[in-house]
Amino acid sequence: MEEKAWKAIEPTEVKNAVELFDKDWMVLAAGKKEAFNAMTISWGQMGELWGKRIVTVYVRDSRYTKEFMDSNDHFTVSAFPAECRKALAYIGSHSGRDGDKLSVAGLHPEFTPLGNPTFNEATLYIECRIIYKYRIDINNMAEDVRKVYADGDIHTVYVGEILNVMER
């Protein structure tokens, strides 16, 4: 597969984060070449916190990717063109514990200069260093929102300092 060149851009040049996460979806990936996993996400934010440009992502306890988020200091979120939507739906509904879901979906991993996973098919990736994480405490949320966790599968929130934003 032909690798397209990446070009650095400023975080302020990234399109609206609501569109990226909610409408287009993103792929969260963590780990290194030897062992990594990725999952489709639609929850996330970009902004500024503690004097740093950040991306915030959410990973449920049950997700295989959580193991990689907890054992690594970095993660990437990658955006894809519309023609990859079927592949993103597949990797969002299948676990990497059960086999090579990326290969089945037709996605080809590549690694950033810092050694973090992204994909040949991606049009954008944001590489982050985890600077804070916490498991959501449902006792601190509005009653009407708690229903999201009726099954007890709670999210951990990861705040990542943006290190690199690259686009094709």
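Colleague: What share of the 168 residues of the chain counts as buried?

Modeller: The share is 45%. Buried means under 20% relative accessible area, exposed over 50%, partly exposed in between (1.4 Å probe, protein chains only). The model is predicted: local features need pLDDT of at least 70, side-chain atom pairs count only at pLDDT 80 or more, and totals for chains, interfaces and linings use all residues. Residues are numbered from 1 along each chain as its sequence is written, and side-chain values use heavy atoms, leaving out hydrogens and water.

Colleague: Why does E67 count as partly exposed?

Modeller: Its relative accessibility is 43%. E67 sits in helix α2. Its C-alpha atom is 16 Å from that of D100, 33 residues away along the chain.

Colleague: What makes up the secondary structure of the chain?

Modeller: Four helices and ten strands. They are DSSP runs numbered from the N terminus: helices are H or I, at least four residues; strands are E, at least two. The order is β-α-β-β-β-β-α-β-α-α-β-β-β-β.

Colleague: What makes the largest nonpolar core?

Modeller: A nonpolar core is a set of buried Ala, Val, Leu, Ile, Met, Phe, Trp, Tyr and Cys residues joined through side-chain atoms within 4.5 Å. Here 25 residues form the largest such set. L28, V55, V57, M69, F75 and V77 have the most contacts inside it. Elements giving two or more residues include α1 (17–24), α2 (64–71) and β9 (124–135). β9 gives the most, with four.

Colleague: Which residues is V57 in contact with, beyond its neighbours within four places in sequence?

Modeller: Contact means heavy atoms within 4.5 Å. On that test V57 touches residues including F21, L28, M69, F75 and Y158. Another core lies apart, with 14 residues, among them A38, I91, L107 and A122.

Colleague: How many of the contacts between residues at least 6 apart in sequence join residues at least 24 apart?

Modeller: The figure is 71%.
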